[in-house]
Amino acid sequence: MDKLSLFGLVVAVTGIIGGQLLEGGSVNVLMQLAAFMIVFGGTIGAVMLQHPIKVFVTGIKLAGWVFVTPHIDEQKLAYQITAWGSVARKDGILALEAQLKNIDDPFVAKGLQLLVDGNSAEKIREILDIDLQSYETLRWQAARVWESAAGYAPTIGILGAVLGLVHVMQSLGEPAKLGAGIAVAFIATIYGVGSANLVFLPIAGKLKIIIARQVNLREMLIDGLCMVANAENPRFIEGKLKGYISEDD
């Protein structure tokens, strides 16, 4: 669980609601079903229209990473690759075949299998680079699903405001309906701007950070496997792989 994401969302919502209460307003005023349907229904529809279904579904699934971030351990992988290098120099590449059953990550397993099969470093890099490119492209596009939602939401919020004002103009002869119409108009704008800046853009930004770390991890793996295939000294492998690890880790 990423406690900072949860804490940040709570702080943002508390700040807005707290400010509303300090100004003498009430939370109920912010609850407008019509405005909610206009803004979020319109935004979801626009995003679905823009993206292929695979990208859209992947983007929805990746949103969970904001609160439950995938575990990324560069140091553990660097240590593992260095150990593979030691085994390969001592007992040969085929001795690594026994390690395959202990690997859960399909990308790591594929890379190690290519190594055990006796492929050259160039072949290993060529094949894994294609997989990495496909992985990276889909996830960057999925992160942009949330960026596009952040772009549409404020505009559709303005559309909701206009619809509310049209409703007000139609009800000038009925003063009792004026308040509800004006409320929908302004609340729709709040929903659009608020969701874009408090939810959609932060999700997109966080996903980009996580995806960048995962790509870095896979680049480190490819580089490490190529060094093992070239029978590089394990100390050299370890030293080079350390360059991929953030100083904060």
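The side chains of Lys-240 and Asp-223 meet in a salt bridge, with 3.6 Å from N to O. Lys-240 belongs to helix α8 (residues 234–241) and Asp-223 to helix α7, so this contact ties together parts of the chain that are 17 residues apart in sequence. The model is predicted, and a search of the whole structure finds 5 salt bridges.

- Glu-74 and Arg-213 form a salt bridge through their side chains, at 3.0 Å from N to O.
- Glu-74 sits in helix α4 (residues 74–91) and Arg-213 in helix α7 (residues 175–229), so the contact ties together parts that are 139 residues apart in sequence.
- Glu-74 is buried, its relative accessible area being 3%.
- Arg-213 counts as partly exposed, with a relative accessibility of 32%.

- A salt bridge joins Lys-110 and Asp-131, whose closest N and O atoms are 2.6 Å apart.
- This pair links distant parts of the chain, with Lys-110 in helix α5 (residues 106–116) and Asp-131 in helix α6 (residues 121–170), 21 residues apart.
- Both partners fall in the partly exposed class: Lys-110 has a relative accessibility of 34%, and Asp-131 has one of 24%.
- The helices that carry these residues, α5 and α6, pack at an angle of about 165°, and their axes are 10 Å apart.
- The angle makes α5 roughly antiparallel to α6, because angles over 145 degrees count as roughly antiparallel.
- The crossing in which α5 passes α6 is right-handed.

- Helix α1 covers residues 3–22 and has 20 residues.
- From its first C-alpha to its last, α1 reaches 27 Å, close to the 28 Å expected at 1.5 Å a residue.

**Spans annotated in UniProt**

- An unreviewed UniProt entry lists residues 29–49, 149–168 and 180–204 under "transmembrane region".
- In the model, residues 29–49 are 81% helix and 0% strand, and the C-alpha atoms at the ends of this span are 32 Å apart.
- Residues 149–168 are 100% helix and 0% strand, with end C-alpha atoms 28 Å apart.
- The unreviewed entry also carries the annotation "domain: Motility protein A N-terminal", which covers residues 7–76.
- Residues 7–76 are 67% helix and 0% strand, and their end C-alpha atoms lie 29 Å apart.

Terms used: Residues numbered from 1 in each chain as written. Predicted model: local features only at pLDDT ≥ 70, side-chain atom pairs only at ≥ 80, totals over all residues. Heavy atoms only, no water. UniProt positions renumbered as here; feature names shortened; annotations may be inferred. Helix = DSSP H or I, 4+ residues; strand = E, 2+ residues; numbered from the N terminus. Expected span 1.5 Å × (residues − 1). Salt bridge = Lys/Arg side-chain N within 4 Å of Asp/Glu carboxyl O. Buried < 20%, exposed > 50% of the residue type's maximum accessible area, 1.4 Å probe, protein only. Axes fitted to C-alpha atoms, helices over the stretch in contact; angles between N-to-C directions. Parallel < 35°, antiparallel > 145°, perpendicular 65-115°, else oblique. Left-handed = near helix turned anticlockwise from the far one by under 90°.
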